[in-house]
Amino acid sequence: MDTEASILPSTTPRSRALATEAVHAGRDDLAALGLHAPPIDLSTTYPSYDSRGEAERIDAFATTGARLDGPPVYARLDNPTTARFETALARLEGTASAVSFASGMAALTAVLLARASMGLRHVVAVRPLYGCSDHLLGAGLLGTEVTWTDPAGIAGAIRPDTGLVMVETPANPTLAEVDIRALAHSCGSVPLLVDNTFATPVLQRPVEHGARLVLHSATKYLGGHGDVMGGVVACDEEFAARLRQVRFATGGVLHPMAGYLLLRGLSTLPVRVRAASTSAAELCRRLTADPRIARVHYPKVGGAMVSFEVYGDPHRVISAVRLITPAVSLGSVDTLIQHPASISHRIVDEGDRQAAGVGDRLLRMSVGLEDVEDLWADLCQALSDPPARTVAGTVPEWLPTGR
Ligand SMILES: *Cc1c(COP(=O)(O)O)cnc(C)c1O
């Protein structure tokens, strides 16, 4: 079991505002280096004429998991460019450290392995979670065992071998929210992991409410442009050290180019999230008033995700959008829409999916930075009755009518 002290989040006080950190954190040394843009270090290995010194540095990493002073020995150990992204994300989340990975799933894998390697194989989790997170826990691929419960059942589900409590808030794809502070209290000394992919540190910093670990699919809002895949865990230095050791041994490292793009993405994160959230809130208002819509989900914390249930055929809406891109993923500058029961949550057993509120009529939309009137016009035409030439009985009514 963890000591009482280790559950206390070791937060670094933020002396600068979030918008300032977003453009400066991880870059504080650049002016002294005579640089403006951060350098990209693509080295896989680092020359050293001092192998005794390297032996000492490797021993130190193996024992403590602390970041090496000086250049990495090998790129699987660390990288200066990805380290800049980690520094910046930790500042935004208000944690001492952050450890980056090749994807969100690689990040979650490292957390589960870090706990399982201490004999803590049991996980307590609240549905819904992102479909593949649900699958990774439920299928026991890493030798872990999961107990699914609602927030009220967490304290009762914890066992001596419980290594982690996991929640998403707002959750993918229903945008259901949990009270992080109350939930952290129910966890006792077991670390609480909050997947903060949807809210981002702009809207919510889970560590301030008692979470010990904050997970991001950096592929989404942190990157923000749909062109980089990554994952990151923001946490205290003790847990980060363990994650670095797991990452070194299992190899799910973030590529330096991805680290560069993610650092660049962070600089516009506050502006992007606020602008897209304003449009999402407006679309939420209009969808709520629309007779073709059965139900709209929009979280109290806000954000750029809107989910809604249609009375008609959800597949037809997907096939009829023209400006909005019908694609899985989220958090890009352009608006994406997808049908969770077919795509993002397909891998979850149908009964579990339905029980978690992921119904067959639910659509999940990630609102981007387009003009809100253009988005509304596209949604309206996609939601309206199919054109005459797709009369039922001749052509299946869900067939695309244009491209
Ligand atoms: C996409 C996503 C993940 C997985 O991240 P990848 O970068 O695709 O591996 C995890 N959690 C949430 C909430 C996500 O949306």
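Where is Pro 128 found? Pro 128 sits in the loop between strand S2 (122-125) and H6. This is a predicted model, in which local features need pLDDT of at least 70 and side-chain atom pairs count only at pLDDT 80 or more, while totals for chains, interfaces and linings use all residues. Residues are numbered from 1 along each chain as its sequence is written, and side-chain values use heavy atoms, with hydrogens and water left out.

**View 1. The two domains of the chain.** The domain assignment gives domain 1 (4-267) and domain 2 (270-382); such bounds come from an automatic or database domain assignment. The centres of the two domains, taken over C-alpha atoms, are 27 Å apart. In domain 1, 33 residues are in contact with 33 residues of domain 2, contact meaning heavy atoms within 4.5 Å.

**View 2. Area buried between domain 1 and domain 2.** The size of an interface is often given as the accessible area lost when the parts come together. Here about 2600 Å² is buried, and carbon and sulfur atoms give 66% of this area. Pro 173, Leu 175 and Tyr 221 supply 25% of the area that domain 1 buries against domain 2, more than any other three residues. Buried area is the accessible area (1.4 Å probe) that two parts lose on being put together, summed over both.

View 3. The rule finds one salt bridge across the interface of domain 1 and domain 2; a salt bridge is a side-chain nitrogen of Lys or Arg within 4 Å of a carboxyl oxygen of Asp or Glu. The side chains of Asp 352 and Arg 127 meet in a salt bridge at 3.4 Å, N to O. Helix H1 (18-24), helix H6 (131-138), helix H9 (200-203) and helix H11 (256-288) each supply at least two residues of the side of domain 1 that touches domain 2. H6 gives the largest share of that side, four residues. Helices (H or I, at least four residues) and strands (E, at least two) are DSSP runs, numbered from the N terminus.

**View 4. Surroundings of the ligand.** The ligand is surrounded by 15 residues, the closest being Met 105, Asp 195, Ser 217, Thr 219 and Lys 220; a residue counts if one of its heavy atoms lies within 4 Å. A polar backbone atom of Met 105 is 2.9 Å from an oxygen atom of the ligand. For side-chain N or O atoms, the distance to a ligand oxygen atom is 3.1 Å at Asn 172 and 2.8 Å at Ser 217.

**View 5. Backbone details.** Arg 127 and Pro 128 are joined by a cis peptide bond, with omega about -5 degrees. Another cis peptide bond joins Thr 169 and Pro 170, with omega about -10 degrees. Pro 170 lies in the loop between strand S4 (162-168) and helix H8 (180-186). Thr 200, in helix H9, has a positive phi of about 65 degrees although it is not a glycine.

Technical notes: Polar contact = N/O pair within 3.5 Å; in protein donor to acceptor, adjacent residues only side chain to side chain.
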